[in-house]
Amino acid sequence: MISDTLLRAARRMVFAGATAFAVGIVAVPSFVTPTIASDGPPSVADLAERLLGAVVNISTSQTVKGTEGPGAVPMPQLPEGSPFQDFFDDFFKNRGGEKGGGGQKVQSLGSGFVIDAEQGIVVTNNHVIADADDIEVNFSDGVTLKATLVGTDTKTDVAVLKVDPKGHKLTAVKFGDSTKMRVGDWVMAIGNPFGLGGTVTVGIVSARNRDINSGPYDDFIQTDAAINRGNSGGPLFNAAGEVIGINTAIISPSGGSIGIGFSIPSQLAAGVVDQLRQYGETRRGWLGVRIQPVTDDIAESLGMATAKGALVAGVIKGGPVDNGSVQAGDVIIKFDGKDIHEMRDLPRVVAESPVGKAVDVVIVRKGVEQTVKVTLGRLEDSEKLASGENGNTDQDKGDKATPPVSTASVLGMTVGELNDQTRQKFGIAADVSGVVITDVAKDSAAAERGIQAGEVITEIAQESVGTPKDVMDRIGALKEQGRKNALLMLASKSGELRFVTIRMD
């Protein structure tokens, strides 16, 4: 006899199914085995069996000084005569070795995968092997090989290792095209979660183009395939068994998988791996501009119909576009045929371009769209130029008479002439020109935008200003044109530029 509870459950199930059907969704009772679409096969055993041999466990060890390393736990202060004194003395004072000069071996585990069986090339995450003294690669059949470091890239968190291919018969996998992956496509992750090794999980692509603020080129694939600690550096496969991502990060309040994992797309990783193999380092393209987002206010101030692209806030001296081809105030909307929808798109597409390549860049300058040709430099060279710029702090020389400073109040700011007196007062570099902001009223529109005394207004609505009167005239002209916002180019004390819009109502 069927119990009343079971009958009630059955009625609820039928009702739920009927309701779901009415809105176009077929509800499947829990006791019915669903038929899985061909893109998601009922069993992935054949695919997993073929791929497991190429996925490896990475184990590293690092020697750190017991009480001197960062994050070391200080010895607790115990009451005199405490029975625990001997125990803590032994643990804290002697853990560095008998002579006090030794250290502890710290070990970590991660994952990786072989991409070249003939050369013994293994790919993993940089954070898996960072600062390691020894690196070992453990294969699924129990063989362990010592690995040497070929190269790392901290910006994308990619590392390339090499093992002796003669020491073990290797199985390799190849990179696929991550750009072809769609949200909802099946994916498989294989790795070494919590040191268990050879673990296979299956899920789908949950989202693409995720920015989790981990680096300048964030463009992660998000997946619900279970990824845990120890999966870092392991591959994310498509249904064809190609690597379309490198599992790198998870969001987890508990430390375990909650179905939100992130993988570096193969489109980005493959190029980095090739450069690390060839040069032992990366060689990225470099445009030589400082950029910021194009907000709705900035777009309106520039006469753009929609907010898109990357706003050039400054051009780096000695950089590839220091010839005037690209100027501060330009909005880059297309680079080498690729649309720049938002600011973060530009660094990635530039970095993926070869050094020395001549490319077409579409810009909007003072409301007019035009195309300029630029030749890319090397990103790694920018650090040298940046250090040279930072060292340029020469002040105006000569014993000049200081004229009285004329001032004006506008948009919640007090502005004045930029001369020897104001340069010295605010520490403004000699090569900065414009009108200095001497005070910002509390709760004003300028204060809301983070404008501070000591910054210098160099342009308003893409027109240079040199005196407080110029500022007043430009603001007045914008109001007559019916503009709601004023676009200001501001220079910091050292000369770095940024754009800010201020309401004029």
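Contact here means heavy atoms within 4.5 Å. This is a predicted model, in which local features need pLDDT of at least 70 and side-chain atom pairs count only at pLDDT 80 or more, while totals for chains, interfaces and linings use all residues. Residues are numbered from 1 along each chain as its sequence is written, and side-chain values use heavy atoms, with hydrogens and water left out.

Q: Which residues is Asp330 in contact with, leaving aside its neighbours within four places in sequence?
A: They are Ala310, Leu311, Val312, Ser325, Ile363, Val364, Arg365 and Gln462.

Q: Why does Asp330 count as buried?
A: Buried means under 20% relative accessible area, exposed over 50%, and partly exposed in between (1.4 Å probe, protein chains only); Asp330 has a relative accessibility of 1%, so it counts as buried.

Q: Why is the pair of Phe113 and Phe175 called edge-to-face?
A: Rings of Phe, Tyr and Trp (its six-membered ring) pair if their centres lie within 6.5 Å, and planes under 30 degrees apart count as stacked, over 60 as edge-to-face and the rest as tilted. The ring centres of Phe113 and Phe175 are 6.0 Å apart and their planes stand at 85 degrees, so this pair is edge-to-face.

Q: Is Phe175 buried or partly exposed, and what is its relative accessible area?
A: With a relative accessible area of 22%, Phe175 is partly exposed, whereas Phe113, at 0%, is buried.

Q: What makes the pair of Phe220 and Phe262 edge-to-face?
A: Their ring centres lie 6.2 Å apart and their planes are at 65 degrees, so the pair is edge-to-face; both Phe220 and Phe262 are buried.
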